[in-house]
Amino acid sequence: MKRVFPPVIGLVTCSKQVKRYAVQVANEWYIDVVKRFGGLPILLPSSVGSVQIRELLRLCDGILFPGSHSNIEPRRYGANHHEPYLDKIRDDVAIDLIRAAIDTDKPCLGICRGFQEMNVALGGTLNPFLLQTGYEGHGEADSNDFSEVYAPSHSVWVEKQGLFSQWLEDTNLDSTRIEVNSLHDQGIERLAPGLLVEAKASDGLVEAFSLPDQKYFIGVQWHPEWNAIHNSFSQLLFRHFMMAASNQE
């Protein structure tokens, strides 16, 4: 009998300083959601360097680019403002990994920072000052209760003819909008060439995109990993990711 192996999903880690030690970390929610939907998570240290990117890709059936408290270095998208929360090491490996994954049609899912990394890697830019430029209601709730911080806070409107619209219609769910949480102060300013908008907030901010002609290349600005098993659209997002990584799409 042929043995069926779960798809191996690489999670890009963040570089942090803990006391005197430099460490590589990943939020357990991302690890748990990969396991929950049938994948085998492995951590990809962001300190490996771009030379070993192809080796990392060969280990994985799909790549998850998680969220983070850090932001992308401004110079990478043509800006020069001061950004206090940086992770330059992750910038290096994530951007190179995204480009290499596209070359090999490796399924990729980007969440929050990962969503922004995808846009920057392909030539797009970011707006680092959403609130100051008229985009309200996107920041993190002022609470210590995760159930409040990650609760749905606004709708995103699904673009017709996209993957999201198709998935929702196929499962008889509302194909016009999705209720999402919101924990970001930065967002898309100029969408990278080639990316297809999948959903926007009511203020016009791009909240999700895909890359046509790839097996699975999707980024979302919100955090679907939170309570994913109880959210209909999050289930679709992760199940299609695992199916693509298992060559079942």
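**View 1. Helices α6 and α7 of this predicted model are roughly perpendicular to each other (angles of 65 to 115 degrees; under 35 is roughly parallel, over 145 roughly antiparallel, the rest oblique).** Two packed helices are described by the angle between their axes and the distance between the axes. Here α6 (residues 163-170) and α7 (residues 232-245) pack at about 110°, and their axes are 11 Å apart. Axes are lines fitted to C-alpha atoms, for helices over the stretch in contact, and angles run from 0 to 180 degrees between N-to-C directions. Helices (H or I, at least four residues) and strands (E, at least two) are DSSP runs, numbered from the N terminus. From α6, Phe-164, Trp-167 and Leu-168 make the contact (heavy atoms within 4.5 Å); from α7 come Phe-233, Leu-236, Leu-237 and His-240. These residues comprise 6 nonpolar, 1 polar and no charged. Ala, Val, Leu, Ile, Met, Phe, Trp, Tyr, Cys and Pro count as nonpolar, Asp, Glu, Lys and Arg as charged, and the others, Gly among them, as polar.

**View 2. An open sheet of 9 strands with mixed pairing.** The strand order is β4-β1-β5-β6-β13-β12-β11-β8-β9. Two strands pair if DSSP finds at least two bridges between them. At the edges stand β4 (40-44) and β9 (177-180), each with a single partner strand, so one side of each lacks a neighbour in the sheet. On average, neighbouring strands are turned by 20° against each other, direction ignored.

**View 3. The pairing of β11 with β12.** Strands β11 (residues 196-201) and β12 (residues 206-210) are joined in the antiparallel sense over 4 bridges. Ala-199 has Ala-208 of β12 as its bridge partner.

**View 4. Helices α1 and α3 on the sheet.** Helix α1 (residues 28-36) lies across β1 (8-12), β4, β5 (62-65) and β6 (108-111), and runs at about 150° to β4. Helix α3 (residues 88-103) touches β1, β4, β5, β6 and β13 (217-220), and its direction makes about 145° with that of β5.

**View 5. Glu-73, in the loop between β5 and α3.** Leaving out residues up to four places away in sequence, Glu-73 touches Leu-86, Lys-88 and Asp-91.

**Notes.** Residues are numbered from 1 along each chain as its sequence is written, and side-chain values use heavy atoms, without hydrogens and water. In this predicted model, local features need pLDDT of at least 70 and side-chain atom pairs count only at pLDDT 80 or more, while totals for chains, interfaces and linings use all residues.
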